[in-house]
Structures are given as structure tokens and as C-alpha cells.
Amino acid sequence: MSDSQRDSFYLGALLHDIGKFIERAKQKEWRNIAQTYVQQRTVSRNHAHRRYSAAFIRQFRHLFSDPGIERYVLFHHGGRTKGRKDYGVLGEDVLLQLIHIADVSASKERQQVYDLEPLYYTRARLQSIFSSIALGELKPPPVKYFDLNTFTLYQDALFPAGEDSVLPRGAYKPLVDEFEQSCSRFLEFAKQEAGLFDLLPFLQKYLQAVPAQTPNRYTALKRFASGALDKPDVNLFDHLRVTAAIALCLYDEWKEGDWKGKDADILNYSSTKDDDRHLPAPCLLVSGDISGIQDFIFNVPSKGAAKTLKARSFFVQMLGDVCVQKIQKKLDLKPANLLYNGGGQFYFLVPKCKAQDLKTCKDEIARALIDEELFVSLASVEVKVSDFMKKFGTKWKEVNEQLSIEKLRKFKGQQWKNVFWPFKQEIRENDERDLFFDITDKKFKKNYYYCISAVSEGVKVPEEKEKKSWVDVLGKLGYYFEFQEMGSHESFVFNTTDFEGKFAGFRFSVKDLPRWAEASIAKFKQDVENCGRSLEEYYDKDKDGKRWGLEPDNIITYSQLAFKAYKETGTHKLGILKMDVDNLGKLFSDGFQEEIRTPSRMMSLSRSLQWFFEGYMNTLLKNEDFKDYLYPIFSGGDDLFIVGAWHKVFDIALSIQKDFRQFVCENLSVTLSASLLVVDEHYPVSRFAVLAEERLHEAKYGRIDKNSVNVFGQTLSWEELQKARDIRDLLDDMVKKYGETKAVIQKVIKGCDGLGELHNRVVRMKKAEAENNMEEITRLNSLKPVAEKVWRMSYLLRDIKNDIAKKLAESLVGQYENVIFKAMRNELANPMYIAVGARWAELKNREMD
């Protein structure tokens, strides 16, 4: 069978259920086209969506030129074409059965539950994937639903809209109308410019909020005896892409692998019996990981770090994209075979017959990067058809365990001379620019598009350097990453989904940095003068040590960000925020009930978290409260690292936490932990990176539960950090509004001396109780603190004269006493949040000097 027929088979699998979306609009023109298949007795009235899928192919038949695509979508439910007028093609029954097996493997993700309200299927909302997750003894949160919107980086795309499960009447019509118009532009453009086109970006834009299955009231009548209905928690986009990925693996195995010659076993496969004993595992689940990211990004001099850190972190994304493209081309995969790519990690579903090609590609990547600071590990496990339905969570866990082993084998398969022979050491002079410098200095300024091209395809790599650069690193992999100011038909556009008819697709990325503009430069100069400081103190230096003035489009440096903090708080410091999702591995391996740990749900969870950190974070950073104050070193996958004016870093930490709680439906199993530091702008970059990681570890393991933040060396819950902010505001009011001296802040800090140990004793007690360690419990009880600390704060604040300030002080004393009594009763409460709030207020009030 020719490559064009393989392409048609893939498109048939990818579009097999597109009719579910179109049919829900209840539009006459689509209904008339779909009805012809019944009138011609091509198919029965059952499964109406397949007729609408075929109608979609027919409507755009000048673009979907192969009639085989129409057959694939029309008969994907397993009916044979043999004997049907105009559609019976002897020998295609096996291909239809392959799509059917793939569809069933993906559709086994359906979870039937008893507490859903039967709905007319056109009005059922999609549930948030986070409504289905629970770890350990925790329960899932109340179910929340999405509005029917297109995919963007804004909040209404993937934030739950509420607990109402019913869409307004006619909700699908405007979306289907927009889809049809965009489809014409997209397909015409793609067909003319790029041959076989990638439909995934287009489908993702319109189908990410469309449920693949609904609690249909007609289905409820059929299932009256059981009362179970399909839970609408899987979106149609993820169902289509997973079905297409599985189908292509089955096709390649049938053509070239262990399924070759097994037509009878394929045709006799029954999804109801779920018996694949005669069919070997057709797929490999492949996991890839870029190792050494932290050291690679932060192993730079502090001088010029603002122009280097982002460049290096973005290069990690570039390297991941290039490796993904190399694997896709080497193994002749389709876009749907890439299940996930973000945060330095990627997953593929690959035909098992491509195992040797995968090994070859793995060795080529390892050889290309042997002299580099980064290393790409690859691991794979076999997946049977039945594993998609029963054991995919186990397979996910297995491949990541195997990946952990592969990370320790950097030099496996390498020639010994490449590892042990002497090599010339490359020494970079102190004033020599970093290899990746121009990514942020030049490429990011006005380039809104990118394109990845194979060097072997005749692409001329610009000769814009005399020494080794990032271009050479990617060139060794055989690819060139091109930034573009205008874009082309092969380009992907950053941070917008408005691409149809113009570009190949889109990509979300937190790539923009704080930059100077004419107005902000003028204001900065005036602020520096008003503060009595020298403007030259904040000028950039070139490699010869010469200073130059502020220029539009230049990156705002760390010292300049520190000055912004000084101007508004009196404290000339930087803030550091490192944050990531807790228990990420467990969320994938154990977060879903065993029977619903399916590829679609796992991909939906991955994409959702990726969207929050790579897409939505852009909207937060562009908020006027944070714009030009924060420098995002990286944000992607499930974590982020931000440097900036210290007071704005504290504020955005709380904003991210607040929005994340809303995003995950207040699910107690899906939480964030973070570290917050305040450092001098000249503090070594490598050191603050290590310190942020250490404090993040303390945040995760310094309490019984994670979901915490370490700030000023104290580990608090997020609720306690909010209380600390309230203490900050209270003390701020006492000083600024009611005339108290800043000594009151020092008194509060002094009053908290020793309270950290009180909290640590409680944490140790809780751990001892969990482990039933009676000896440790007895020892800790003997250390139970006396009550002398309770009255200390009241004594220290006894001299306050102003009546309003006195009431504020009484409120603070009440909180102080209450939290100490809780700790003395072995309740998990950290009294040091009061000290954190006081320290926060101290840093915020130095402008009083």
C-alpha cells in the first residue's frame, strides 16, 4: 500500500469522530448531507456521528482527495464494507478493523457513573479533568465544567466555569460556524503550501472543550436497568489524537511488524471479549527526558545573567522540539504519535516494528550531545491492545522507572575513545559572551514566529558567528531552529491561536522578558534622580567594561529590577520564586481510578498543566501589576522560576497559588509548593539557584503535607502565607497611618523568637504518631513548652498609645496567642507566620528612612 494510502488511513482515524462535534450544532445543511448516506442505504441510522464525519470529508472533498478517508470514518464502528454499493473494496476490511480496534482502545476510557443527570447530548458540558483525580484517602472535588470556548492562553479556555452541567441552547452553532469558516482557510492554505498538513493545532483550537462522550438521556433509557451514564470528562481532541496514534501503530505493525499476515486474528478480534492473546504488543510507549537542565541554565556568571539565563532556558525548549522532530522523521511518525512535549520531557506512542530505528535515533542524539552540558535519555516499554484499556497507568509508571535508569547511562553505546580520550578544554574568558546570548539579545526582540528545518533539506544555516554557538549544537542533530519576524507557511506562531490560513500552527511559551520603552526609560531616570542615586550605577556594561545608557528594547537587568523595588519599598533587593506541582508522578500513576487510567485522561492532565505554566502564565506576567517587574527564567511543564523586584515576586507567588487553586477545582490532591528568597542583585546566580532548590525541598518535606511555601527560611502553608501578608498590612498601617515607629515591627519579630522550634516539635510529633514511634512521642512530650511565651507579645506591645493602633496590636496579640495554644495542643500550625509577616513589613517600610 502506498504512502498516500497510509496518510489517508491516518486522517480517517484522526477524523473518525469529528461528526460528534458537527452534529451537535443541529444545522440543516449538515443534516442534509449526512442523511444521504441513509437514503442511499450506505449505512443505518445508528451512530449518526459517523455520517456527519463522512459529510465533513465530503464537504471538503477537493482537499481530502482520497475517497478512502470517507470510508474509514463511515465504517469505523467495525462494519465491513464488502458488498456495499460504492463502498465495498475487497481487502479494506482489515484497515477498518484496525481503526475500530484503535477507537475501542481509546473509547474504553469511558467511565459510567450513576449520579449524573441525563441530558440532551447537545447541551452537556465537558468536566474538568481535575474533577476525576484523587490521591490516597482524599476525595475528588465537586465536579466543575467548562464553557464551550476555543483554545487560547486566556482564563476562559481551561478554567472551570462552574458547577452547572448544562450548556445554553444552541451553544454549538456559533462554534461550528466558526470552525467551518476557519477550516476552509486552513485546509486551502495547508494543501497549497505544505502538502500533507498537520490538523492537530486546528483540532485542538476547536475541540478542547467538546466532550467526547455525554450523559445522553437517550442512552439513559436504554440503560434503565443500570442507570449508569457516560461521564463527560474526556475532550474530543484528546480522544481523536489518541485513536489516531494507536491506529497508525496498528497499521505499521500490520504492514511491517508482528501483525503482518495475521488478518484472520485481526478480523476476529472482539472488543467485548477483550482477548488479544493472538496479537503481539503493537506499540511502544516512549519517554524522553533532557537531563542536566538546572546546572545548564544556572551555570553562568552573575554579570550579564539577565541576558543569558532566559536564553539557556529557552534553548532547552528548542532542544526538546528538535529531538521530537528528529524522532518523528526518523521513525516516519505522524503528529498524533507525539503524546506530550514540554518542560524538558516528551512521550511518543511508536509502532513496535520501529524499535531498531528508535535505538538508532537514540544513539545519534547521544553522540551529537556527548560534548554538551545537556543529555537526552530515552526509554520505552511494550504496550498491548488490552493495556490501553486496563494497564496504561502501569505502563506509564514502568516507562518512567526505566527512564530513571537510562538517565544514569549517559555513555552507554558510545565509542570508548569519545569518552576516555583526552580532549581540548574550551575556556571561555570572563568577558566572552555566552554561546546562547543572542537568543535573548537579538532573536526575541521582534521575532514572533519560529520554524524547525532539517539541515539536510538544503536549508542554509546563517554564518553569523566566528565561534561555536547554539546553532552548532542543534546542527549536530541535523536541524536548524529559525526565528522569524514575519512568519511563513511553515512557521509556528508564538502565544496566539489565530493561525489558520497563515501559519502551520501555534506554540505557547513564556518567552517575553521585561524590556525598556521610551516612556519607562524616562520614568526610571527620573526615579533614580529623585532617590539621589547615580544613573550610571544602573547602566549596562559591554564585554570591555564600558557602560552605555538605557536603550529601548534592551532587557531590564537585575540591578534595574532591584532599583524598582527600592523605589517602592526602600529595599534594594531581588526576589526569587521557584514553584512546582507536588506529587506529579503519583498524579499520573495513582491519581485516576485504576479502570480509567487511560491515555486520553493522562494526556489531558499533561496538557492542562502545561497550558497553565506555558500559556496562562503569559497573561499573569503581562498584568500591569507585574509587567516590567519580573523576569521569568522558565515556566513550563509543571514548574517555574522567576526573578524580579522582591515585593512583586511575593505578590505573584500568591496570585499564582490563588489562580492554580481555581484552575484545579480546589482539588486537594493537586497542589503547589514553592520557595521564596530575597537576595542582593549581585548574589551569585548559581548559588541562588541551589538555595531556591534547597528551600523548595524544605517546603515539600518540612511539613506533614506538601502544599507549602518556604519564605525567609520558614515553611508555611499557603493559608499561613496569606495570614503573614495580613500581618504585613497590619504593621504597615500602624507605622504609616497611625504614627507608630518602626520599632513596633522589631518588637513583633523579637516576640517570635523560639516559636520555630515549637512548630518543629509539632511536626516531629505528627511524624512519630504516623510511624507509631512511642519512644519518640514520649521524648517529645517531655519537651512540651511552658506557657511563658504566650504573654510575651502582649508585654512587648504594651506601650502603644494611638487607640486605633492599640486595637490593631490587640488583634495581632490575639492571633499570636491563638496560634501558640494550637501548637501546644500539637495542632499543625506554624506561629512563625507572624515573624514572616513582620519581616515582610520591615522590608516594605525602609523607604521611611
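This is a short tour of the structure above, stop by stop.

**Stop 1: the whole chain**

Start zoomed out, and keep in mind that you're looking at a predicted model. Switch to a cartoon view: the protein chain has 33 helices and 18 strands. There are 849 residues in the chain, and 57% of them are buried. Now try a surface view. The chain exposes about 36,100 Å², and carbon and sulfur atoms supply 47% of that area.

How do the contacts reach along the sequence? Take the contacts between residues at least 6 apart in sequence: 74% of them join residues at least 24 apart.

**Stop 2: Gln213**

Next, select Gln213. You'll find it in the loop between helix H9 (200-207) and helix H10 (217-222). Is Gln213 buried or exposed? Its relative accessible area is 5%, so Gln213 is buried, given that buried means under 20%. A polar atom of the Gln213 side chain lies 3.2 Å from the backbone oxygen of Lys231.

**Stop 3: aromatic rings**

Time to look at rings. A search of the whole structure turns up 58 aromatic pairs. Select Phe346 and Phe348 for one of them: this pair is edge-to-face, with 6.0 Å from centre to centre and 75 degrees between the planes. Phe346 has 0% relative accessibility, so it counts as buried. Phe348 is buried too, at 0% relative accessibility.

Then hop to Phe612 and Phe613. They also make an edge-to-face pair, with centres 5.4 Å apart and planes at 75 degrees. Hide the surface if it's still on, because Phe612 is buried at 0% relative accessibility. Phe613 counts as buried as well, again with 0% relative accessibility.

**Stop 4: Tyr629**

For the last stop, select Tyr629 and show its side chain along with those of Lys564 and Lys648. What sits over the ring of Tyr629? The charged end of Lys564 does, 5.2 Å from the ring centre. Lys648 lies over the face of Tyr629 too, at 4.9 Å from the ring centre.

Definitions and conventions:
Residues are numbered from 1 along each chain as its sequence is written. This is a predicted model: local features need pLDDT of at least 70, side-chain atom pairs count only at pLDDT 80 or more; totals for chains, interfaces and linings use all residues. Side-chain values use heavy atoms; hydrogens and water are left out. Helices (H or I, at least four residues) and strands (E, at least two) are DSSP runs, numbered from the N terminus. Buried means under 20% relative accessible area, exposed over 50%, partly exposed in between (1.4 Å probe, protein chains only). Contact means heavy atoms within 4.5 Å. Accessible areas come from the Shrake-Rupley method with a 1.4 Å probe; for residues, only the protein chains shown count as cover. A polar contact is a pair of N or O atoms within 3.5 Å; within protein, one must be able to donate a hydrogen and the other to accept it, and residues adjacent in sequence count only if both atoms are side-chain atoms. Rings of Phe, Tyr and Trp (its six-membered ring) pair if their centres lie within 6.5 Å; planes under 30 degrees apart count as stacked, over 60 as edge-to-face and the rest as tilted. A charge sits over a ring if NZ of Lys or CZ of Arg is within 6 Å of the ring centre and within 35 degrees of the ring normal.
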